[in-house]
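Hi,

Here is the structure I promised to pass on.

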Amino acid sequence: MRQNRKYLKRSFINLYMMFAALSYIIIFIEPKFAFSLHAFFLIWSYILIVRNGEFFPVMALIVYARAFVGFSAASGPVNYTGISVVNNYLPLVLFFLLTRGKFKPQTALQRYPWSYIYGAILIVFSVISGPTAIDVLGERLLPFFLFLLIIAKDFDLERLSHDFELLMKYLLFATFIVFLLPGYSEATLRYLQEGIVFGKESNASIYLGGSLRGQGPFWDPRILGTMCGLMLASTLSAETATNSRLNIALALGGVLISLSRGSIILTVAVVISYLTS
């Protein structure tokens with residue numbers, strides 16, 4: 001009975017991750033469906049967070065934020081900033097409130113001392129710099145402080161890694177499909193230049209040395225490459241990784257289409273570390 005429940009739960013998580021990936025593909029092709037798909041995805045995610053105290057929907061909402069938020073604001077009666085808060089920050093706040101009894105700050109300080117030291121230095125410099133810190137609060141500072149909160153939680157790290165790999169697996173399948181679509185480069189440039197993705201116009205280049213770069217739902221090749229490097233590290237560090245060969249192939253493919261030099265260096269370092277350990 002317990003095995004059946006576990007199987008059903010994993011199947012349900014797979015269905016959720018698949019819906020997110022398919023929605024990304026559909027929205028890229030037909031942005032007019034963005035608001036409806038995003039609204040359904042938000043409702044589903046909030047139900048999982050409130051009823052089960054799950055963290056994987058929080059991860060999924062943040063990872064797919066740029067694939068949904070801007071397009072949803074452009075196709076529906078919502079404000080970009082408002083829907084961004086509902087997608088990126090409220091789920092985290094809600095999760096922390098519902099699971100506040102599972103914080104273990106002392107354990108986190110022992111495991112990640114340098115992260116918290118860096119956080120303390122950021123706070124000091126933020127107070128000193130004043131207006132400059134306010135300008136980069138949402139884009140640079142707040143995400144890092146949220147990271148410090150996350151690592152203070154008493155997570156099942158094995159399950160967290162498995163959920164992250166599953167999320168990235170579906171994401172990368174969708175990324176490759178979108179990357180191979182006819183007219184991918186023209187559509188990508190149009191969405192960026194019309195201010196749909198970020199809520200404002202962007203002149204970011206989608207080429208490097210004449211080669212087209214994959215963006216993924218992050219709409220940033222560097223983030224795509226970095227996330228693939230993390231997926232590779234998570235897969236290689238697991239003692240019994242499910243579909244490990246497939247995960248490795250997907251992660252390496254994601255790094256290659258991102259053409260991110262930093263991510264390539266990270267990937268080489270991960271592989272060397274694995275081979276020499």
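Below is what turned up, starting with the ground rules and then going through salt bridges, helices and backbone.

This is a predicted model, so local features need pLDDT of at least 70 and side-chain atom pairs count only at pLDDT 80 or more, while totals for chains, interfaces and linings use all residues. Residues are numbered from 1 along each chain as its sequence is written, and side-chain values use heavy atoms, with hydrogens and water left out.

Salt bridges first. I counted a salt bridge when a side-chain nitrogen of Lys or Arg sits within 4 Å of a carboxyl oxygen of Asp or Glu. By that rule there are four salt bridges. The background is simple: side chains of opposite charge can pair when their charged atoms come close.

Together, Arg10, Glu54, Arg159 and Asp163 are linked in a network of salt bridges.

How enclosed are these residues? My cut-offs for relative accessible area are under 20% for buried, over 50% for exposed and partly exposed in between (1.4 Å probe, protein chains only). Arg159 counts as partly exposed at 29%, whereas Glu54 is buried at 6% and Asp163 is buried at 4%.

Another salt bridge joins Arg222 and Asp220, at 3.1 Å from N to O. Here Arg222 is exposed at 55%, while Asp220 is buried at 12%.

Now the helices. Which residues of H4 are buried? They are Ala65, Ala67, Phe68, Val69, Gly70, Phe71, Ser72 and Ala73. That makes eight of the eleven residues of H4 (residues 65–75), so the helix is largely enclosed by the rest of the structure.

Helix H2 (residues 34–52) packs against helix H5 (residues 80–88) at about 35 degrees, with the axes 11 Å apart. Axes here are lines fitted to C-alpha atoms over the stretch in contact, and angles run from 0 to 180 degrees between N-to-C directions. His38, Leu42 and Tyr46 of H2 make the contact with Ile83, Val86 and Asn87 of H5, where contact means heavy atoms within 4.5 Å. By type, the contact residues divide into four nonpolar, two polar and no charged (Ala, Val, Leu, Ile, Met, Phe, Trp, Tyr, Cys and Pro are nonpolar, Asp, Glu, Lys and Arg charged, the others, Gly among them, polar).

Last, two backbone spots to check in your viewer. Trp219 has a positive phi of about 55 degrees although it is not a glycine. Trp219 is in the loop between strand S2 (211–212) and helix H13 (221–237), and is buried at 5% relative accessible area. Leu259, also not a glycine, has a positive phi of about 55 degrees too. Leu259 falls in the loop between helix H14 (244–258) and helix H15 (261–276) and is partly exposed at 24%.

Cheers

Terms used
Helix = DSSP H or I, 4+ residues; strand = E, 2+ residues; numbered from the N terminus.
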